Amino acid sequence: MHNLGAFAVILDEASRVLLCHRTDFDAWNLPGGKVESLEAPWKAAQREVLEEVGLVVRVERLIGIYSVPEQKTVAFTFLCTRAGGNIRLSDEADDIQWFHRDHLPSSTLPRHVERIEDAFNECGDTWLRVQT
């Protein structure tokens, strides 16, 4: 059985991506997390963004579906835009910043770097990837 995850690539007016620094270990990642029972993945992404970073987001499109076999997870990643709220720290994020895609922190999770790159792909296709 797989776990389902949902993550958000949130871009600002300057095409910077919002990342949050995890409280449990030294890594930057996209806001997101587990899809709850009977919850739609896009609604999970919106809920997780609000919980982790305090923003209300509008889901624009599905970027990709990512299988992470060693974690027994299938993760949906959505392109989102800010629709309200205020950035704030949480139990899961002890730092939150906007980054240009060419200047992501070195401790950004590699799977999330790949998802960010997929968001910037000009073709607009939905990606189906296995991530190790």
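In the predicted model, Arg47 pairs with Glu48 in a salt bridge whose closest N and O atoms are 3.2 Å apart, a salt bridge being a side-chain nitrogen of Lys or Arg within 4 Å of a carboxyl oxygen of Asp or Glu. Arg47 also meets the side chain of Glu39 in a salt bridge, with an N to O distance of 2.8 Å. Arg47 counts as partly exposed because its relative accessible area is 22%, whereas Glu48, with a relative accessible area of 6%, is buried; the terms are set so that buried means under 20% relative accessible area, exposed over 50%, and partly exposed in between, with a 1.4 Å probe and protein chains only. Side chains of opposite charge can pair when their charged atoms come close.

The structure holds 11 salt bridges. One of them joins Glu114 to Arg129, the closest N and O atoms lying 3.6 Å apart, and this pair links distant parts of the chain, with Glu114 in helix α2 and Arg129 in strand β8, 15 residues apart. Helices (H or I, at least four residues) and strands (E, at least two) are DSSP runs, numbered from the N terminus. Both partners are partly exposed, Glu114 because its relative accessibility is 29% and Arg129 because its relative accessible area is 24%. Salt bridges that share partners join Glu36, Glu39, Arg47, Glu48 and Glu51 into one network.

Residues are numbered from 1 along each chain as its sequence is written. Because the model is predicted, local features need pLDDT of at least 70 and side-chain atom pairs count only at pLDDT 80 or more, while totals for chains, interfaces and linings use all residues, and side-chain values use heavy atoms, with hydrogens and water left out.

Arg129 also takes part in a polar contact of 2.8 Å with the side chain of Asp118, where a polar contact is a pair of N or O atoms within 3.5 Å; within protein, one atom must be able to donate a hydrogen and the other to accept it, and residues adjacent in sequence count only if both atoms are side-chain atoms. Asp118 is located in helix α2, which covers residues 110-120, and is classed as buried because its relative accessibility is 5%. When neighbours within four places in sequence are left aside, Asp118 is in contact (heavy atoms within 4.5 Å) with Arg61, Ile63, Tyr66, Trp127 and Arg129. The buried residues of α2 are His112, Arg115, Ile116, Asp118, Ala119 and Phe120, and the elements that cover them include β1 (3-11), β2 (17-22), β3 (28-29), β5 (55-68), β6 (73-85) and β8 (127-130).

Within strand β1 lies Phe7, which is buried because its relative accessibility is 14%. Phe7 and Gly32 are separated by 25 residues in sequence, yet their C-alpha atoms are 4.0 Å apart in space. Beyond residues up to four places away in sequence, Phe7 touches a set of residues that includes Leu30, Pro31, Gly32 and Gly33, together with His112 and Arg115.

The largest nonpolar core has 17 residues, and those with the most contacts inside it are Ile10, Val49 and Val53; such a core is a set of buried Ala, Val, Leu, Ile, Met, Phe, Trp, Tyr and Cys residues joined through side-chain atoms within 4.5 Å. At least two residues of this core come from each of β1, β2, α1 (41-53), β5, β6 and β7 (93-99), and the largest share, four residues, is supplied by α1. Apart from this core lies another, of 16 residues, among them Trp28, Ile63, Ala75 and Leu104. Val53 touches Leu18, Cys20, Pro31, Asn86, Ile87, Arg88 and Ile96, not counting residues up to four places away in sequence.

Overall, the protein has two helices and eight strands, which follow the pattern β-β-β-β-α-β-β-β-α-β when read along the sequence. With 132 residues, a compact globule would have a radius of gyration near 14 Å, and the protein agrees with this at 13 Å; the radius is taken over C-alpha atoms, and the globule rule is 2.2 Å times the number of residues to the power 0.38. Along the principal axes, the C-alpha trace spans about 35 × 30 × 30 Å. Buried residues make up 45% of the 132 residues, and among contacts between residues at least 6 apart in sequence, 67% join residues at least 24 apart.
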